[in-house]
Amino acid sequence: MKRWLLPALLLTGLVAAWQIAASTEALADLLGLEPFVVPSPVEIAESMWQNRELLAENAWVTLREVLLGFGCAVAVGLVFAVALHLSETLRLAFYPVLVASQTIPIVAIAPILVIWFGYGITPKLWIIALICFFPVTVNTLDGLRSVDPEATKMMRTLDASRPQILWRVEMPTALPYFFSGARIAAAIAVIAALFAELAGGEAGLGVLIRQDTAVLETARAFAAIALLSVIAIALYALLALVERRVVTWR
Amino acid sequence: MPAKAKEFAAAATLPSPGDSAGIGASIRGLTHSYGELATIDNLDLEVPAHGVLGLVGPSGCGKSTLLELISGLQVPAKGNIALGESTSAAARLARCAFMPQRDLLLPWLTAIDNAALALRNRGVRRAQARRQAGLLFERFGLAGFERAKPAELSGGMRQRVAFLRTLMAGKPVMALDEPFASLDAITRGEMQEWLARALEADPRTVVLVTHDVEEALYLCDRVAVLSARPARIVDELSAPSPRAPDRDEAITDPEFVAARERALHALREGTL
């Protein structure tokens, strides 16, 4: 039996239950709401099809933010991880600060960043990168530090220089750690983009959701939410695919 | 010389340690401790050029530490270690290759790239390094497995790749830390025979650490029996010579059996 069969069945069951509950207006009655604010999956799908151009335009804006922000976080995170790995002074100075920085509620900072950088893409990139940076850096650093000290000794007796040990032993050892950090980052990057867009922006799925909920256009809001999930899952799956291609020894 | 050994001798591509006469190793008054724990106590050892010295001792007696000291991975607390003229740790590191207990093959590299690591570290281009290592694969019974990942190799093959990697470093001294401890009895016997032939074809100065008295007496010229921590020499004996090329024949020789009994006796004494 395929691994995805059971989850797919479960999901189909849940959507079907939702469809019945919504189309018979049982759900709206239960919640004490007007039926038109409780759309059924079929209505959401219809809305998605009718608004396909608008949704695609905004999805593209969000996707671009996610990819750029995630890319910046990965690049800076890798450089940071290697620097902290190579210098004990840097590690001792930065590591506790890095962990402590995770207590800063970035959601609350998002509107401030909008004040500073405006309604364009810049504050979104900052927010996404700030949120994604941590899992990438910490996981990669853990990976670099997990190297078997015996392997390092073996390389030293084979005339390896410090950069050669880094490149031939430590980096490959850290790769699977990096990928698990990147997968976590990919999943939260989409949430970060949403926060950033809700704080202020001219386009994007987050902006669309904010506008639609304000005018009780719930079907289209759900359609935008579904697209956000699709972006996150696609990014996660892409990373898993790349990892399987690159980390062939596990 | 058995046929296999002739094959080895014919392999002119073996990385030469430069000085074909080899260099000796000399240890004087070596004392070392691990924190508060004294691991080595005033040790003197001498290995002539191209000599093979076996170190036998109980588990945890500091044998592995001794190899790391010899190969320059650690600096001793007291005493001198010289490999030829080299006495500093850095200079020893340049003249001694170390084969660790576990094969430590890098799982992301193919067998041939693992074997060629030392060449790559020295800046040899990949194609050239592979060509050089590849010439030895057949002689080492590894032909056809050049592109195999370590996970696809048997224990004996992995150990041979690890030994080839040590040999390719082209250093005059080799420190071998229980190279066959992880193998089953039959493979271990085969590998011992194989190593004896490899060293016959390509002599090096070797310090071999093992807990197996038979292995030491079969592979080495001289065997030092070490005591429990802190390690000192209980007995030092010469291996029977000349040895029969066949391992089964060699280890049942009366002279060999007598030497083994003497070494085992010393080992028991040193553990008390």
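Predicted model: local features only at pLDDT ≥ 70, side-chain atom pairs only at ≥ 80, totals over all residues.
Domain bounds here come from an automatic or database domain assignment. On that basis, chain A splits into domain 1 (1-38) and domain 2 (39-246). Residues are numbered from 1 along each chain as its sequence is written, while chains are lettered from A and ligands numbered from 1 in the order in which they are written.

The C-alpha centres of the two domains of chain A sit 31 Å apart. Where they meet, domain 1 of chain A puts in 7 residues and domain 2 of chain A puts in 6 residues, with two residues taken to be in contact if their C-beta atoms, placed from the backbone, lie within 7 Å. On the domain 1 side of this contact there are 5 nonpolar, 2 polar and no charged residues. In this scheme Ala, Val, Leu, Ile, Met, Phe, Trp, Tyr, Cys and Pro count as nonpolar, Asp, Glu, Lys and Arg as charged, and the others, Gly among them, as polar.

Next come two helices of chain A, H8 (149-157) and H9 (162-199). Helices (H or I, at least four residues) and strands (E, at least two) are DSSP runs, numbered from the N terminus. The axes of H8(A) and H9(A) come within 11 Å and cross at roughly 140°; axes are lines fitted to C-alpha atoms, for helices over the stretch in contact, and angles run from 0 to 180 degrees between N-to-C directions. H8(A) is therefore oblique to H9(A), given that angles under 35 degrees count as roughly parallel, over 145 as roughly antiparallel, 65 to 115 as roughly perpendicular and the rest as oblique. A:Ala151, A:Thr152 and A:Met155 make the contact from H8(A), and A:Ile165, A:Arg168 and A:Val169 make it from H9(A). Sorted by class, that gives 4 nonpolar, 1 polar and 1 charged residues.

Chain A also touches chain B, through 13 residues from chain A and 19 residues from chain B. H8(A) and H9(A) each supply at least two residues of the chain A side, and H8(A) gives the most, with 6 residues. That side of chain A holds 7 nonpolar, 2 polar and 4 charged residues.

Over in chain B, an open sheet of 3 strands runs in the order E2-E1-E4, with antiparallel pairing; two strands pair if DSSP finds at least two bridges between them. E2 and E4 of chain B are at the edges with a single partner strand each, so one side of each has no neighbour in the sheet. Direction ignored, neighbouring strands of this sheet are turned by 20° against each other on average. Helix H2 (residues 63-70) of chain B packs on the sheet and touches E1, E2 and E4 of chain B.

Strand E1 (residues 25-34) of chain B is joined to strand E2 (residues 37-47) of chain B by 7 bridges. The two form a hairpin with 2 residues between them, and B:Gly35 in the turn has a positive phi of about 65°. Along this pairing, B:Ser26 stands opposite B:Glu46, and B:Ala25 has B:Val47 as its bridge partner in E2(B). Another 5 bridges join E1(B) to strand E4 (residues 78-83) of chain B, where B:Ala25 stands opposite B:Leu83.
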